[in-house]
Amino acid sequence: MTHPVLHEYDLGPSVTAFSSTRHGGVGQGDYASFNINYYCGDAPSHIEANLMALCQLLQVSPDHIVYPHQTHNDVVSAIDRQWMESLSPAEKRQSLEGVDAVMTNLRGVCVGVSTADCIPILLYDSTHHACCAVHAGWRGTVKRIVQKAVEAMTGNYGTSPQQLRTIIGPGISLEAFEVGDEVYEAFRQAGFDMQPIAMRFPTSSHSTADVKEKWHIDLPECNRQQLTACGIPADNILLSHICTYTDCHTFFSARRLGIHSGRIFTGIMLHP
């Protein structure tokens, strides 16, 4: 019997927030063992068994676990009553194509994002009882998706950034995230202050006889700075400090396992 092992976050008594680990599922190989993402090549039967186990744990039906097909964009989608009740399963899937953040104020609906080195971010507005899950890879971070998610919550639910509580979940660390000069330039040209978020390290892809340095980018810090720029108090931003690359036995890492591997599901659900 599967029993998902979750890394849970405390955002208050009226909300459940978590990141899945690799443990407690039925997956095999680089999908071992808990993965619910249909877009990464895992066996459908394993995905369905893991999804049902998560549903049992959260006490919801499968259609109440909502996650998009992410494409490293900056699109934020709202899950409302009409979406839940009026769209067919095919229409729901289509509406979530190319979406990288999902928000809702519906109780009993778990919205989440899938990652395997990218940064998952959860936002919770206890005043208006609304929440959002954000997928921030380096491209989404450059596009400031988390700031756009805060703006979307403000527009849809009346959220005040000063009252938001946030989680920056497991993702690749500065030390592990080696990038090319073009990635560094993308951040610089987008107006980021590079001194606090970028460092040069000896490259891991050359021998000691030919040591070169490459840029590393601190994605968690980039997103933390964007959250504070929105007006979210620093004390309201919790960083998991979990590096998926170095802790790939507990959390999926595409850089360590390859793209044909499982995904972490980071979700948030408002209590009924």
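Residues are numbered from 1 along each chain as its sequence is written, and side-chain values use heavy atoms, with hydrogens and water left out. Because the model is predicted, local features need pLDDT of at least 70 and side-chain atom pairs count only at pLDDT 80 or more, whereas totals for chains, interfaces and linings use all residues.

The peptide bond from Ala32 to Ser33 is cis, with omega near -10°, and Ser33 belongs to the loop between strand S2 (15–20) and helix H1 (44–58); helices (H or I, at least four residues) and strands (E, at least two) are DSSP runs numbered from the N terminus. Gln59, although not a glycine, has a positive phi of about 60° and is found in the loop between H1 and strand S3 (65–66). A positive phi of about 60° is also assigned to His241, again not a glycine, in the loop between strand S13 (237–239) and helix H8 (254–257). Gln59 is exposed, with a relative accessible area of 73%, and His241 is exposed at 72% (exposed means over 50%, buried under 20% and partly exposed in between, with a 1.4 Å probe and protein chains only).

An open antiparallel sheet is formed by 3 strands in the order S10-S12-S11, where two strands pair if DSSP finds at least two bridges between them. Strands S10 (178–179) and S11 (198–202) stand at the edges with a single partner strand each, so one side of each is left without a neighbour in the sheet. S11 and strand S12 (residues 213–217) run antiparallel and are joined by 5 bridges, and Met199 has His216 in S12 as its bridge partner.

The largest pocket holds about 540 Å³ of space (a pocket is an open set of points on a 1 Å grid over the protein atoms alone, with protein on both sides within 12 Å along at least five of seven lines, a 1.4 Å probe being used, and lining residues have an atom within 4 Å of a point). Of its 24 lining residues, His72, Cys118, His135, Ala254 and Arg263 are the closest to its centre, and strand S6 (110–115), helix H4 (138–142) and H8 are the elements that give two or more residues to this lining. The second largest pocket has a volume of about 440 Å³ and is lined by 13 residues, with Tyr38, Pro62, Asp63, Ile65 and Arg93 nearest its centre. Helix H3 (89–95) is among the elements contributing two or more residues to the lining of the second largest pocket, and H3 gives the most, with 3 residues.

How values were computed. Points joined across faces, edges and corners; volume = space filled by probe spheres on them.
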